[in-house]
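Keep the structure open beside you.

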Amino acid sequence: MKQLITIVCSLLVIFSFSSCKDDTSDITGDEAAVYQCPMKCEGDKTYEKEGSCPVCNMDILVISNQKKQISNNHEISDESIFNLTTNWNTEEGKVIQLEDLKGETLVMVMIYTTCKAACPRLVADMRNIEAQIPKANLEDLNFVLVSIDPETDTPKRLKAFAKENFMDGEQWTFLQGTVSGVREFANVLAVKYKQISPLDFSHSNIISVFNSKGELMHQQEGLGVNNKETVKTILELTN
Amino acid sequence: MKPILRLTICILFVWTNLANCQSKMVPIKGGTYIPLYGRDSLMVTITDFQMDVYPVTNQDYLEFVKKYPKWKRSQVKKIFADANYLSTWTSDIELGNQQEMLAPITNISWFAANDYCECQGKRLPTVDEWEYAAMANKDLPDARQLETYNAYILGWYEKPRTFNNEIGSTFKNYWNVYDLHGLVWEWTSDFNSVMISGESRKDVDNDSNLFCGSAAIGATDLMNYAAFMRYATRGSLKAKYAMKNLGFRCVKNINQ
C-alpha cells in the first residue's frame, strides 16, 4: 500500500511539472513552393510541382517559397476584414463568416433595430446610396447591415426589419454576431458604440465601402451627408 | 492515517502547481459608483468579477506568441496591429535587451490583448470595471477624493519609462490588485465606447478639445485631471494601435 501511494505521488508530481508546459510544437507549415512559367505564357497561372510550361516548354521556375501569394485570388491580404473569423447569423438564418461575402463589393453599416433616432436615417442613407447605383452594378454589390445589439436583433427580427424597410432584396444582408464579435468588427471599422440602456445605444454613424477582397476603400461619416464620394467609390469598384 | 496525509500533501502540491499556470486572480466585489464619464445615466453598477492581480508580463506574452504563432511580430496581420506591434523585441521570440521578463507587456494592440484573454478563458475588463477597481487605494475601495491618491497617479505620469519596471513594484490596493496605477495604461474591452454622446465619432474630437481646455472650464480638482488623462487617451486609440506604455490584464465573470 505504502509503495503504491509513493508511486502515485511521484507520478502526480511529475505530471504537475509537465502540465505547465504546453505543446509548443512549432508550426513549420507545409510551405509548398509555387512555380510559374518565366515567360508567363499562361498569365499568372501557377503550379505546385516542378515541370515545364505546356505552352512554350520552358522549365517553370520557383516564384515563391510561401504558399501564400497575394497575387493569388484565393488569398486574403493583411488588411482585409476577412481575417475576422467569428460566425454571424444572417436574416435568413444562415451561419456565415465574413469571408463568405468575398467577391462582392461591400457597403457596410452598423445599426440596431430598436433604434429610434439615428438608425432610420442611416438606413435611409443606405437606401439612398443603393438607389443611385445602376441595376447592372447591383449584382456585384452587397449592402451589409450589422447589428450592434446581437442580444435583441435575432435573425427573425432582422428579417422583419428588412421587410418593413423594403430591404429584403438579394443585395441586402443583415448580420447578427456575438457580443465580442461585434465589438471586434466595430474596432476594425473604427465605429464607436456604447449601450446606454437595454434597448438604446449611442454609436457613430459610419458607412464603409470594402472592395471584393475585403479591404477598406472609403468611409463616410455622419448622417444625411453628401454621399457623392461613396457612390463614386462603389461605381469604380463595381465597374 | 499517514498515507492519507501524504496523499493530501501530494494533491495540494499538484494543485498549487497547476494554479500557478494561470495568473492569479482576486475577486472584486461589485457595487455602484459614478465614473467621471460613462453612460448618460450617472450611476454605474458593477457586478462581482475576478481580476488578474498583475498586468500580463513580457514573459506571459512570450509564451503566448510561441503557442499562437499568428501573433508573432512577423506574422501578425496589419489589420490587427500597426507597425509598433512588439517593435522593441529583438526577434519574434526574443525580448529587447533592455526589457525585463517580469515587466508588463506593452506595444500590443487591442486585438492581441483581446485574443490573449480569450485564449485564457478570460476577457478584457470594461472601462467601467477597470475604473471601479482602480479607484481604490491601499485601504479604501473608493479613494478618489483623497489628495494622496491623485497625487500618486499624477506623480507617475511624470515618471519616465515606468513600463519597464517589474510587476508588483507599485502598491497593492484594497482589492489586492497591483499596478493599476504606476506602471502602464491598460486596454479595456470597450475603450472605444466612451466620450460619445451624439451622432458621430467626430464627437471624440470635441471631447478631446474639452480635455485640452479642461483647466479652463473648471476641472476643479486633481481627481478629474488624473482620470481625464485616461479617458482622453482611450478616446484617441484605435484597436490596432500598439503603444509603448499601454499594456493590459484580464478579468473573468465570477460564475464561470
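Q: How many disulfides are there over all chains?
A: This is a predicted model, where local features need pLDDT of at least 70, side-chain atom pairs count only at pLDDT 80 or more, and totals for chains, interfaces and linings use all residues. Residues are numbered from 1 along each chain as written, chains are lettered from A and ligands numbered from 1 in written order, and side-chain values use heavy atoms, without hydrogens and water. A disulfide is a pair of cysteine sulfur atoms within 2.5 Å. By this rule, the count over all chains is one.

Q: Which cysteines form a disulfide, with sulfur atoms 2.1 Å apart?
A: A disulfide is a covalent bond between the sulfur atoms of two cysteines. Here the sulfur atoms are 2.1 Å apart, and the pair is Cys117(B) and Cys250(B).

Q: Is the disulfide of Cys117(B) and Cys250(B) left-handed or right-handed?
A: Look at the torsion about the S-S bond of Cys117(B) and Cys250(B). It is about -85 degrees, so the disulfide is left-handed.

Q: How far apart in sequence are the parts that the pair Cys117(B) and Cys250(B) ties together?
A: Helices (H or I, at least four residues) and strands (E, at least two) are DSSP runs, numbered from the N terminus. Cys117(B) lies in helix α3 (residues 110-119) of chain B. Cys250(B) lies in the loop between β6 (246-247) and β7 (251-253) of chain B, so the parts tied together are 133 residues apart.

Q: Is Cys119(B) buried, exposed or partly exposed?
A: Buried means under 20% relative accessible area, exposed over 50%, and partly exposed in between (1.4 Å probe, protein chains only). Cys119(B) has 32% relative accessibility, so Cys119(B) is partly exposed.
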